Amino acid sequence: MSIRHKIPLVARTLLGLAFLVFGLNFFLQFLPQPAMQPEAGAFLGQLVAGKILTVIKLVEIGAGFLLITNRFVPLALTLLAPVEVGILMFHSVFEPAGLPLPVIFVALTIYLAWSYRSVFAPLLQVQVEPTTSETVARQRVTA
């Protein structure tokens, strides 16, 4: 396996481990929590009270697991993208000192999305027709 093929593996594994660990930490609390500004604590408190953070952390755990196991990687990246935007915004507004780590996560995600660009390319078509059973049958015949 050439180095060119190992870089996506390393990026995928690092990103997957990070989201798996941080997602699990929400439920198991094995990492120390740094002190945060009262506004940041109040914001996170509202996310916890509304169970929104629980859903986000379950998505992180699931997507992290998918990345680590190399299953449904484009789906995992798609699920993590809005989560990463939220993390970036949170750190930009409330905890700028913690911004480097989310920036690294976003960089890894962008790199992986580029590595899987052939899968994402159809999403960037301006106009498409909905798939029908006829379309699927035609595709099977031509394939």
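**Rings and their labels**

Modeller: Gladly! Ring pairs link Phe19, Phe22 and Phe105 into a cluster. This is a predicted model, where local features need pLDDT of at least 70, side-chain atom pairs count only at pLDDT 80 or more, and totals for chains, interfaces and linings use all residues. Residues are numbered from 1 along each chain as its sequence is written, and side-chain values use heavy atoms, with hydrogens and water left out.

Colleague: What makes phenylalanine 43 and phenylalanine 94 a tilted pair?

Modeller: Rings of Phe, Tyr and Trp (its six-membered ring) pair if their centres lie within 6.5 Å; planes under 30 degrees apart count as stacked, over 60 as edge-to-face and the rest as tilted. Here the centres are 5.4 Å apart and the planes are at 35°, so the pair is tilted. Phenylalanine 43 sits in helix H2 (residues 38-49) and phenylalanine 94 in the loop between H4 and H5, 51 residues apart. Helices (H or I, at least four residues) are DSSP runs, numbered from the N terminus.

Colleague: Why is phenylalanine 94 called buried?

Modeller: Buried means under 20% relative accessible area, exposed over 50%, partly exposed in between (1.4 Å probe, protein chains only). Phenylalanine 94 has 17%, so it is buried.

Colleague: And why is phenylalanine 43 called partly exposed?

Modeller: Its relative accessible area is 37%, so phenylalanine 43 falls in the in-between class.

Colleague: What places arginine 117 over the face of tryptophan 114?

Modeller: A charge sits over a ring if NZ of Lys or CZ of Arg is within 6 Å of the ring centre and within 35 degrees of the ring normal. Arginine 117 lies over that face at 4.2 Å from the ring centre of tryptophan 114.

Conventions
Helix = DSSP H or I, 4+ residues; strand = E, 2+ residues; numbered from the N terminus.
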